[in-house]
Amino acid sequence: MKWYIAALLTVLTSSQGILTTLSQSNGKYKYDYATVPFFAEVFKLIVSSVFLWRECKKLPPPKMTTDWKTVRLFPIPSVIYLIYNNVQFATLMYVDISTYQIMGNLKIVTTGILFRLFLKKKLSNLQWMAIILLAVGTTTSQVKGCGEASCDSLFSAPIQGYMLGILSACLSALAGVYTEFLMKQNNDSLYWQNVQLYTFGAIFNMARLVVDDFRAGFEKGPWWQRLFNVYSITTWMVVLTLGSTGLLVSWLMKYADNIVKVYSTSMAMLLTMVLAVFLFGFKPTLQLFLGIIICMMSLHMYFAPPSMFVGLPPTVISDPESLVIVSDDHKAES
């Protein structure tokens, strides 16, 4: 089941970057992009509340911990995700969608480190090699041929784009590791945990909109008056994909782990590259193909059983009737 969820997450992650780019006009957002995460949080809250309501009608009722010591932990990932979601939009202002997806794969390195430090998840040497190999693959994918006229430097995007991409990867890993800790600390209903997460998420995103109003001196009016300003069908699709991605991620945090999530999102790079060829006339480079191959090798190294790499012989099951019982007398004669 988790692999079907991971595959769907790959598709949605790829479409999110493409739709976000399509929602721009001349490289800029006509709408207030800070409202998109707010609508996504509200969408996730509504969906989770409906599923929780349906779950409460069944017997036995779902487990729901309501003590303050547990509830007070849920605002923390909301703050991190609030920053992360808005950094994503800012990143796409400086880099193309393929580079955006490639840099997103850096989160697997930071996640592996936080896995080890905070969740005490031990990774084998082979898995660490796979993580390093993935980093090499993503770096290779970012290198463009310097024989091209447009190649002014090794990295063609502005430095702001790469800095924001690194920041996004760190925030994603931190929020993911902490969310996995919250989801697995008890046996509460997934939908109840989601309701807590997304309630705080909606509150913090709304607070961000209020702060923006005060900073701008209410030049564009209060935030609730511009929620639907210049919202196109593409923009609403961005909201739905962002919200649906969050719901799938929460499922993986509860029943899988962060590594499955980041590998799933990294594989979205493949789908994004193919779609970008048709939608934006993107010309894939040899370096990009080589990077993708390396990433695929990393995926295989991480999740394949070690016996596939060392060539262990199949286990031989002994026939009980062929066993020879050596008596103590025979041992003494020896």
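This is a predicted model: local features need pLDDT of at least 70, side-chain atom pairs count only at pLDDT 80 or more; totals for chains, interfaces and linings use all residues.

Trainee: Let's zoom out. What secondary structure does the protein chain have?

Mentor: It comes to 14 helices and 0 strands. Of the 334 residues in the chain, 48% are buried.

Trainee: What share of the contacts is between residues 24 or more positions apart?

Mentor: If you take contacts with a separation of 6 or more, such pairs account for 83% of them.

Trainee: Can you show me an example of distant parts being linked? And how many aromatic pairs are there?

Mentor: There are 13 aromatic pairs by the counting rule. Take Tyr31 and Tyr231: their ring centres are 5.7 Å apart and the planes sit at 70°, so this pair is edge-to-face. Tyr31 lies in the loop between helix 1 (2-22) and helix 2 (35-56), while Tyr231 is in the loop between helix 9 (190-215) and helix 10 (233-255), so to speak your distant link: 200 residues separate them. Both tyrosines, Tyr31 and Tyr231, are buried.

Trainee: Which aromatic cluster do Tyr31 and Tyr231 belong to?

Mentor: One that is formed by Tyr31, Phe38, Phe39, Trp223, Trp224, Tyr231 and Trp236.

Trainee: What about Tyr302 and Phe303, how do those rings sit?

Mentor: That pair is edge-to-face, with 4.9 Å from centre to centre and 65° between the planes. Tyr302 is buried at 8% relative accessible area, whereas Phe303, at 32%, is partly exposed.

Trainee: Switching topic: how many residues are in the largest nonpolar core?

Mentor: It has 22 residues, and those with the most contacts inside it are Tyr31, Val36, Phe89, Leu209, Leu227 and Tyr231. Helix 2, helix 5 (97-104) and helix 10 are the elements that give two or more residues to this core. The largest share, 4 residues, comes from helix 2.

Trainee: What is Leu209 in contact with, leaving aside its neighbours within four places in sequence?

Mentor: Its contacts are Asp32, Ala34, Thr35, Phe38, Trp223, Arg226 and Leu227. There's also a second, separate core of 21 residues, and Leu9, Leu248, Met253 and Val260 are among them.

Trainee: I see helix 10 again. At what angle does helix 10 pack with helix 11?

Mentor: About 145°, and the axes of helix 10 and helix 11 (residues 258-279) are 8 Å apart. On the helix 10 side you'll find Val249, Leu252 and Met253, which meet Asn258, Val260 and Lys261 in helix 11. Sorted by class, that contact has 4 nonpolar, 1 polar and 1 charged residues.

Trainee: Last one: where is Leu286 found, and is it buried or exposed?

Mentor: Leu286 is in helix 12 (residues 286-303). With a relative accessible area of 60%, Leu286 is exposed.

Notes. Residues are numbered from 1 along each chain as its sequence is written. Side-chain values use heavy atoms; hydrogens and water are left out. Rings of Phe, Tyr and Trp (its six-membered ring) pair if their centres lie within 6.5 Å; planes under 30 degrees apart count as stacked, over 60 as edge-to-face and the rest as tilted. Buried means under 20% relative accessible area, exposed over 50%, partly exposed in between (1.4 Å probe, protein chains only). Axes are lines fitted to C-alpha atoms, for helices over the stretch in contact, and angles run from 0 to 180 degrees between N-to-C directions. Contact means heavy atoms within 4.5 Å. Ala, Val, Leu, Ile, Met, Phe, Trp, Tyr, Cys and Pro count as nonpolar, Asp, Glu, Lys and Arg as charged, and the others, Gly among them, as polar. A nonpolar core is a set of buried Ala, Val, Leu, Ile, Met, Phe, Trp, Tyr and Cys residues joined through side-chain atoms within 4.5 Å.
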